[in-house]
Amino acid sequence: MGGVAITKLSTVSSITALYPSPKNGTPGIQLLHHFCTNWDAIFRMPGRDELVSLSQSNSLIRNTLLAITACHLRHMSPGILQHRIAEHFYQSLAIQDFQIALETPSKSLGQQGVNALLLAAQLLNMIAFTLPHQGNGVEDDPKSSWVFSFREDRLGWLALQAGLRPLLISLSAYLEKTVAFLDPIMFGHGKAGWREIRKFQSLGIVPESWIRAFKLKNESFSCESNNADQNDIFGPATIALAYLRSIHPLQSTILLNWVFLTKIHGDLKSLLYNRDERALWLLGYWLGLMCRYEGIWWCERRVRRDYEAVRMRLHELHLGERAGVDGLYWKDMMQELEHAPALTRRES
């Protein structure tokens with residue numbers, strides 16, 4: 001154990017030397033010590049050794065890990081300004097590196113560069129989801145959610161997540177090997193992860209009530225259609241939700257839920273911005289499923305707040321009182337939404 005500890009400390013020292021600590025912020029060596037000693041609490045992923053090794057040669061991964069670690073410290077001690085300074089400092093560096101990678105042709109990035117880019121995209125979502133601590137609890141009030149906001153940037157927190165879909169499309173030639181790289185890091189060797197999810201491409205697992213409510217047709221889904229119809233906009237998202245509600249809400253599977261974010265069509269994001277009830281239901285149901293994962297520091301507060309906000313907004317619309325079959329469909333959908341946080345495993 002002593003040799004392992006010395007190796008870890010030497011690794012920490014070598015990584016720290018690559019970047020200076022932020023002015024007036026938490027020193028890099030303190031962040032890296034926290035990273036090494038609190039891995040399970042911060043990341044809930046088995047791939048610590050792989051990430052530490054990758055961070056030594058890849059500044060995007062290194063800055064992303066440091067930013068998340070500072071974010072975790074800020075979450076634990078919200079009154080300490082130095083943690084917030086460090087979080088913003090390393091997040092800025094990570095986003096700069098991320099932007100450079102996005103602007104680099106995929107052939108120049110190569111498989112390793114693509115692996116790092118998509119890994120960072122997954123991890124940076126953790127920071128985007130974390131709510132600030134203002135001390136008075138106002139940020140936990142559902143009425144403070146983007147759902148009720150009229151700010152033009154109200155969906156800014158979703159910008160990175162919604163960018164996953166076009167990013168995956170542009171890098172489709174590399175995805176098979178990237179998934180093989182990511183799965184052991186995020187879920188463990190031999191565990192079902194992204195490879196399992198990618199098998200589901202049809203509406204066969206989607207409840208009939210959802211198919212009726214979204215007026216879906218069981219056919220192939222277009223990835224890059226400029227004239228997207230309801231199938232293209234809602235179909236992939238409903239398939240993702242149908243799969244996600246079938247898995248046990250173990251903390252080790254939390255990152256599987258990012259698959260829904262990769263299915264957010266550009267038109268679906270626009271519908272969310274305009275508070276379309278179908279788009280709100282989809283995101284609200286996903287947030288309800290995320291509520292099942294208790295004790296996850298970076299998402300627990302946001303998913304509970306925004307889930308409640310979506311419920312409140314949709315109830316205000318009295319959707320179940322609409323005339324004809326539309327009202328009947330919405331009664332069923334609202335019941336499904338209510339039950340989402342309590343689901344454990346979908347009945348076969």
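Helices here are DSSP runs of at least four residues, numbered from the N terminus. The model shown in these views is predicted.

**View 1. The lining of the second largest pocket draws its largest share from helix α6.**
Helix α6 gives 4 residues to this lining. The second largest pocket has a volume of about 610 Å³. In total, 25 residues line the pocket. Nearest its centre lie Thr130, Leu131, Pro132, Gln134 and Arg302. By residue class, the lining of the second largest pocket holds 7 nonpolar, 9 polar and 9 charged residues.

**View 2. Helices α2 and α5 pack at an angle of about 85°.**
Two packed helices are described by the angle between their axes and the distance between the axes. Helix α2 covers residues 28–37, and helix α5 covers residues 59–76. Their axes are 9 Å apart. Angles of 65 to 115 degrees count as roughly perpendicular, so α2 is roughly perpendicular to α5. On the α2 side, the contact is made by Leu31, Leu32, His34 and Phe35. On the α5 side, Leu65, Leu66, Thr69, Ala70, His72, Leu73 and Met76 meet them. The contact of α2 with α5 comprises 8 nonpolar residues, 3 polar residues and no charged ones.

**View 3. Gln122 is a buried residue of helix α7.**
Buried means under 20% relative accessible area. Gln122 has 4% relative accessibility, so Gln122 counts as buried. Leaving aside residues up to four places away in sequence, Gln122 touches Leu164, Met186, Trp194 and Trp258.

**View 4. Met312 is a partly exposed residue of helix α17.**
Partly exposed residues fall between the buried limit of 20% and the exposed limit of 50%. Met312 has 29% relative accessibility, and therefore counts as partly exposed. Residues up to four places away in sequence are again left out of the contacts, and Met312 then touches Pro142, Lys143 and Phe148. Met312 and Lys143 are 169 residues apart in sequence. In space, the C-alpha atoms of Met312 and Lys143 are 9.0 Å apart.

How values were computed:
Residues numbered from 1 in each chain as written. Predicted model: local features only at pLDDT ≥ 70, side-chain atom pairs only at ≥ 80, totals over all residues. Heavy atoms only, no water. Axes fitted to C-alpha atoms, helices over the stretch in contact; angles between N-to-C directions. Helix = DSSP H or I, 4+ residues; strand = E, 2+ residues; numbered from the N terminus. Parallel < 35°, antiparallel > 145°, perpendicular 65-115°, else oblique. Contact = heavy atoms within 4.5 Å. Nonpolar A, V, L, I, M, F, W, Y, C, P; charged D, E, K, R; others polar. 1 Å grid on protein atoms, 1.4 Å probe; cavity = no way out; pocket = protein on both sides within 12 Å on 5 of 7 lines; lining within 4 Å. Points joined across faces, edges and corners; volume = space filled by probe spheres on them. Buried < 20%, exposed > 50% of the residue type's maximum accessible area, 1.4 Å probe, protein only.
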